[in-house]
Every structure is written in structure tokens, then in C-alpha cells.
2 protein chains.
Amino acid sequence: MSELRRDPIGGRWVIVNTDEPMAPQDYEHDAPRSGKATPCPFCYGNEAQTPPEIIAQRDAATAPNSPGWQVRVVANKFPALQIEGMLERRGLGIYDLSNGIGAHEVVIETPYHDKDFSDLTVTELTSVLHFYCQRTLDLEKDRRFKYIMIFKNYGASAGASLEHPHTQIIALPMVPKSVKEEILGAHSYFEYRERCIFCDMIRQELQEKERIIMDNRNFLAFCPFVSRFPFEIWVMPKKHTSYFCQTPYEELPDLAEILRGIITKVKRVFGDTAYNFIIHTAPSNSDGANIESYHWHLEFLPKLTRVAGFEWGTGFYIVPTPPEVAAKYLRDAPVE
Amino acid sequence: MSELRRDPIGGRWVIVNTDEPMAPQDYEHDAPRSGKATPCPFCYGNEAQTPPEIIAQRDAATAPNSPGWQVRVVANKFPALQIEGMLERRGLGIYDLSNGIGAHEVVIETPYHDKDFSDLTVTELTSVLHFYCQRTLDLEKDRRFKYIMIFKNYGASAGASLEHPHTQIIALPMVPKSVKEEILGAHSYFEYRERCIFCDMIRQELQEKERIIMDNRNFLAFCPFVSRFPFEIWVMPKKHTSYFCQTPYEELPDLAEILRGIITKVKRVFGDTAYNFIIHTAPSNSDGANIESYHWHLEFLPKLTRVAGFEWGTGFYIVPTPPEVAAKYLRDAPVE
């Protein structure tokens, strides 16, 4: 018989196939790269094809918007939201709307078109992560923005429209529903137990061990007990921290190592495969003091299954491989 | 500039590209059918390959589980949840779980493998819809089940694993999160205004007209103001009704006509394309009396875009074609 599991944060249920777990080779998934050589606006020499760079790490004596960079942040040429203007909310009968104010930036992670996140060195990835923090801190200064969302789509089936390695940053003029729910859920738990639910999760996972993939001094990677997707992975700082962008610079290499590690492991198990990752952090606020009940984390979602009517209608997910089984495959896969 | 729109029921925001709407020909979508002739357990003559039929509409003097049927309902051979046993909820540290009790049935809509929903006649579709109601009423008698979800996946990219036309019915031992949220949202509106939000939506749509696709005496089809997906369509009974399964039999042909109409229109605009539809109804309860604040409806979601990291992280959706533009394409497409 399958097992129903309830997410203690959001109250979502999932159906876990504990009886006949699907093995990695049972999943059909699309190749993340087309192999087509198309002219790429993110490659060396094509810097003029993107909006002007906002910030970059580049060789001394190279000019902005020219080659010689290692990481480059630009505005999205086709932004979902636009940065100019005042936010104007209004009603229309029973509906509510607002103009599309926000910011939409792209972090080009490397000049090398064919590399993926996991092909970069820990030092290179540390620079990328440092840019995530810097851009967040800068965007948070704009009082119109209430939430800064950092996410990566790798592969067409995960929603990527360009193959060159990149991450997106969107600044939103309101805290989105899913984030609010997570924060409220964690807050309810804190009110009841006076402990952070994520810290409790870390304690329980370290004790039970069976869902852990890897860890180091500052970070832990595990398959969550209430995964929505098969082989879903969460990465969490071991120390209670609410804001991603407040991660001390000296801890970023540990995060880089874990991210590189889990993506490499996923590729050992599945071959090159599409994925998304999303950084869940507390919303921007004026003083940035730690929030007792919320703990930032990164959710890594390999794109192995398709979301169907049942999931859209219920918010229930059907997980063909239990996280305990998935974690074992990933734990056993070598990193180098 | 794009427009941010807020769903008045769940509080979800979407970003609508009102500036440069994507036209139907700009979407790349997968063909819903492989064209491969594989042996099909839902075809005439293969009745023994499914679990025994629960109910069927069949020619006089034909035996159950043999050819001669027009619509056939069977248990799912690979059920997500199993019907035998007592529901046992328990804790595991901070987590909650339960054994996987429920029911999972399949309505085989026609003996013809290559037909789609919209290829059936209004009379044939009325029988299919009538079976939805009958199975719901029967499953609701089981006090372990708190919610009966009816949904259809058409095409592999919409999650269908078999090509033969079929609908799925899942009985769940708890009201799922998405349903709870919708009911609570509608209830809050009712508390504040003493009116059903869905009835208000119908009034506003009938007045503004620009999002309406088609209607008849009993049902209305429109593109919702806060669509999550491009060309999303909602079908609603014009008269306030909380429970789908309480639709009077004589109104089912009107619903069949609307469903057949919208799917035909979607195919005129896009060619054969994958889709999901889901019936949203009030949860099972003991007396079945109408609930003032909730109004059942059907959500039809063509599979034209891919859900990416931004959507998974925020619950925000980016809608490349505004519903007003989508509705015009669909309104103008002929039904016959």
C-alpha cells in the first residue's frame, strides 16, 4: 500500500509509492540540451546583445560589456516585470490588479556555453553565489520590492529558453502566496513549540540519517520526507539563518560544494537531466534581523515527471520513488 | 508594461503580458498522441485486461467485461490509493503520515481508441457526465472518503499514460489543500459581502463580455481574469450549485454541449493539443445541502507552456496571452 504524508509546514499531502518504488532507469526524461549551435547572447563577444551589465567579475583592464568576464549580471532583455514607475494597485469590479512593477535580472554564471552549474569549480560557484547575495542586497534597497526570488531553470522541459548557464533574479512588489504560506506555516509551528520547524527537521534528519545525501560543516542536503517530486533535494544551512543574503562570505564555499555535489550526483544517477532550483528566503524587511521561525533553504527539483490534472486540482503530488530510496541512490553516487 | 492580477479567491498573483500578447502560433506544444499502435486495455475485446467493471452502459444482452459497451467504469489497475483497510493516521517525529486509503477509478469514455472527448456526440458525452455523477454519489457513501476528485489528462505532456479516451476519479481520505484554500477564500468573500464570489464573477463576466467564449441556458464558458495558464477556460453553472454531482440530469446535455464546444474551439485554434480538466466541487458531506459560498466549476487547462522555477517558488504564474485576447480567438473559432 502507498503512504500518505503531510507537509508539516504548508499542510500539503503527498502520496508516496512505498510498495513498488520506481528506480532511476524507469523515468523517461527529456535531454536538457538541444545540441543545436545557435548564436548565444550570453557568450563571449556578444555582450552588446544583452542590456548593459549591472555588475560583473572581470579581468583587470577589461571594459564593461566586453569579453574578459567570469560572471556577469545583466537586466533580462524580455523582463516579466519592469523597473520604471510607481506601483499602482486598483480594483476592477471584484478583481484586483496592479501595473507590472518589479525587476528581472540574469546572472550569467560562466562564459562557457556548454558548462553546467556542476561543471564549475567551487571557487567559480562561490563567485556566482556571492553575486546572488550582492544583487539581493542591492534590490532590497528599493522600497517598492517586497520579495527577491532567485531561481534557476536548466533544460527546456524545466522552462529554460536559453542553454547558456544562467540564474534569474526577480524582484516582486508583493510577497507571493507560496512564500507567505511557508512563512505562516513555520510561524504556527513556532507559536506552538517555540522552536524553528526547519531546525527540528535538520535534527530529525541527522538522527534518522536515511534521507541524508551529503553534508559539510555548514550545510546539509537531504531528500525531504514530504517531497513533491521524485529525487527532490533540500539544502539548508545547519545554523539558524532567515535570510539567504546574510550568509557570511566564508560559508559560501561550503554551499558551493554541496550544490556542486548534489547536481553531480543527480547526473551520475540520471545522466544529464533538466532541473529547477529555487532559493526560499525570508522577505525583504527594513532591519534584516533574524526571524526566529523561518530558516532559508534551497529546493532542488529534478524534472523527471509531468504534473497532471490530479496535482493541478488538489495540490496533492504522487511521488513514485520514496525520498528514503532516492536518498540512497544519491548518497551512493560518487561526487568525483 | 505587463499587468499584475490578483485572484480574489486564493490571493494568488499572476503576471499578464498585456503589452505584446503571444498569438496561438507562437506556442510550441507537443502532439498529444504518439500515433503508435500499442495494444490497449481500454479497447473492445480487451476487457479482461482491466479490473472488473464497476458499472457500464452497454447493449442489452451483453455480459459485463465483454464488448458491447458505450461507457465503462473500472478500478484503476495501478491505483494511487487502495480501497481496502482502515485509515490510520500517525506521527513520526515532526512529520505526519497515514496509510494510502482511497479509491481510484477510470471512466472509459468510448470504445473508440482514436476519438477524443470533443469527437463524441452530446448524447454520448451526457452519458459520460452522468457516470461522473453516479460514481461520485456512490463513493461519497463511504465515510472514509472526504473528497472525490474528477479529472482528465489528455496527451502525454498533460500526464496521460494511456491514449484511449478516459477520465479518472480519485476518492481521497482528506480534503486537499488547494480545495480547502478555494473554499476558505470563497467563504471569506461571502462573510464580507453575503454573496457568492462565483455568482459575482458570472455577473461581471456577462456584463463585460470580453472574456466570454460561449454559453447556453445553464452553463457559461469564459477565460478567467486571473488565468494561471494561457487559454485557461472555466465552465460554470449559471445557477448557484455547490455540488457537481447534484447537477440535474436534464442539465447535463447543456454541460456536454459546452465542453464539446470549448475543446473543439481549442483544437481549431491550436490543432490537436494536450490538456487537463478538473472538476472543482464542494467536499462530500452528510446532508448534501447547497453551501451558500461555494459554486462548483470545471477548470480546463490547455498544455501550452512549461512550469518553471519561478512558478514553483512563488505560486506566481506568467501568462503570455491575456485572457481577453485568448477569449476572442476562442469565441471566433467555429464549433462545427
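User: What makes chain A and chain B of this predicted model copies related as by a two-fold rotation axis?

Analyst: Happy to walk through it! Chain A is superposed on chain B by a rotation of 180° with 0.0 Å of shift along its axis, at an RMSD of 0.0 Å. The two copies are thus related as by a two-fold axis. In chain A, the residue whose C-alpha comes closest to that axis is Val307(A), at 4.5 Å.

User: How do you know that the copies meet through the same surface?

Analyst: Of the interface residues of chain A, 100% are also interface residues in chain B, so the same surface is used by the copies. With contact meaning C-beta atoms within 7 Å, 58 residues of chain A touch 59 residues of chain B. Elements giving two or more residues to the chain A side include β1, β6, α2 and α3. By class, that side has 30 nonpolar, 19 polar and nine charged residues.

User: Why are β1(A) and β6 of chain B called paired?

Analyst: Pairing needs at least two bridges, and these strands have four, in the antiparallel sense, so they qualify. Here Arg6(A) stands opposite Asp96(B).

Terms used
Residues are numbered from 1 along each chain as its sequence is written. Chains are lettered from A and ligands numbered from 1 in the order in which they are written. This is a predicted model: local features need pLDDT of at least 70, side-chain atom pairs count only at pLDDT 80 or more; totals for chains, interfaces and linings use all residues. Copies are superposed by least squares on the C-alpha atoms of residues with pLDDT of at least 70 in both. Two residues are in contact if their C-beta atoms, placed from the backbone, lie within 7 Å. Ala, Val, Leu, Ile, Met, Phe, Trp, Tyr, Cys and Pro count as nonpolar, Asp, Glu, Lys and Arg as charged, and the others, Gly among them, as polar.
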